[in-house]
Amino acid sequence: MINVDPPAIRALGTSIQGELTPVLASCVELLASARQITHSNFTSVTPHLAVAYLGAVEFAEEQLRSKREHLDEMRSRLARNAENWEAADACSTISFR
């Protein structure tokens, strides 16, 4: 027999998001400080470095934004999974409790 703990599944999503959200927030702050470096600092060496710098910062910003969205989606899907287990248990003709 399979024993599933829907509240634990739901708590897992909340816990993961709670642990990783501050980490991502600190990355956003670091990236904001990196953005303070003007690309003109690189153009004196070569314009290619300035373009690469801007591209890297924009890429990192997009990656951080998408990771926050992935965390939200993961938490939401785990919560939905827990709800589905609870609904299945409620409709089951076999008592698991």
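Predicted model: local features only at pLDDT ≥ 70, side-chain atom pairs only at ≥ 80, totals over all residues.
Residues are numbered from 1 along each chain as its sequence is written, and side-chain values use heavy atoms, with hydrogens and water left out.

**Overall layout.** Helices here are DSSP runs of H or I with at least four residues, strands are E runs of at least two, and numbering starts at the N terminus. I looked up burial next: 16% of the 97 residues count as buried (under 20% relative accessible area; exposed is over 50%, partly exposed lies in between; 1.4 Å probe, protein chains only). The accessible surface is about 7,000 Å², and 63% of that belongs to carbon and sulfur atoms (Shrake-Rupley method, 1.4 Å probe; for residues, only the protein chains shown count as cover). Among contacts (heavy atoms within 4.5 Å) between residues at least 6 apart in sequence, 73% join residues at least 24 apart.

**Helix 1.** I compared its length with the expected span, which is 1.5 Å times one less than the number of residues. Helix 1 has 30 residues and reaches 43 Å between its end C-alpha atoms, close to the expected 44 Å. I noted a kink of about 25 degrees at Leu20, shortly before Pro22; the bend is the angle between axes fitted to the seven residues ending at a residue and the seven starting there. The buried residues are Pro6, Ile9, Gly13, Gln17, Leu24 and Leu31, and they pack against helix 3.

**Helix 3.** Its 45 residues should span 66 Å, and the end C-alpha atoms are 65 Å apart, which agrees. Buried residues in helix 3 include Ala50, Ser66, Leu78 and Ala82.

**Core.** I listed the largest nonpolar core: Leu24, Leu31, Tyr53, Val57, Leu64 and Leu71. Such a core is a set of buried Ala, Val, Leu, Ile, Met, Phe, Trp, Tyr and Cys residues joined through side-chain atoms within 4.5 Å. Helix 1 (6-35) and helix 3 (47-91) each give two or more residues to this core, and helix 3 gives the most, with four. Leaving out residues up to four places away in sequence, I found Leu64 touching Leu24, Cys27, Val28 and Leu31.

**Loop.** Ile37 sits between helix 1 and helix 2 (40-43). I recorded Ile37 as partly exposed because its relative accessible area is 39%. Its C-alpha atom is 9.6 Å from that of Tyr53, 16 residues away along the chain.
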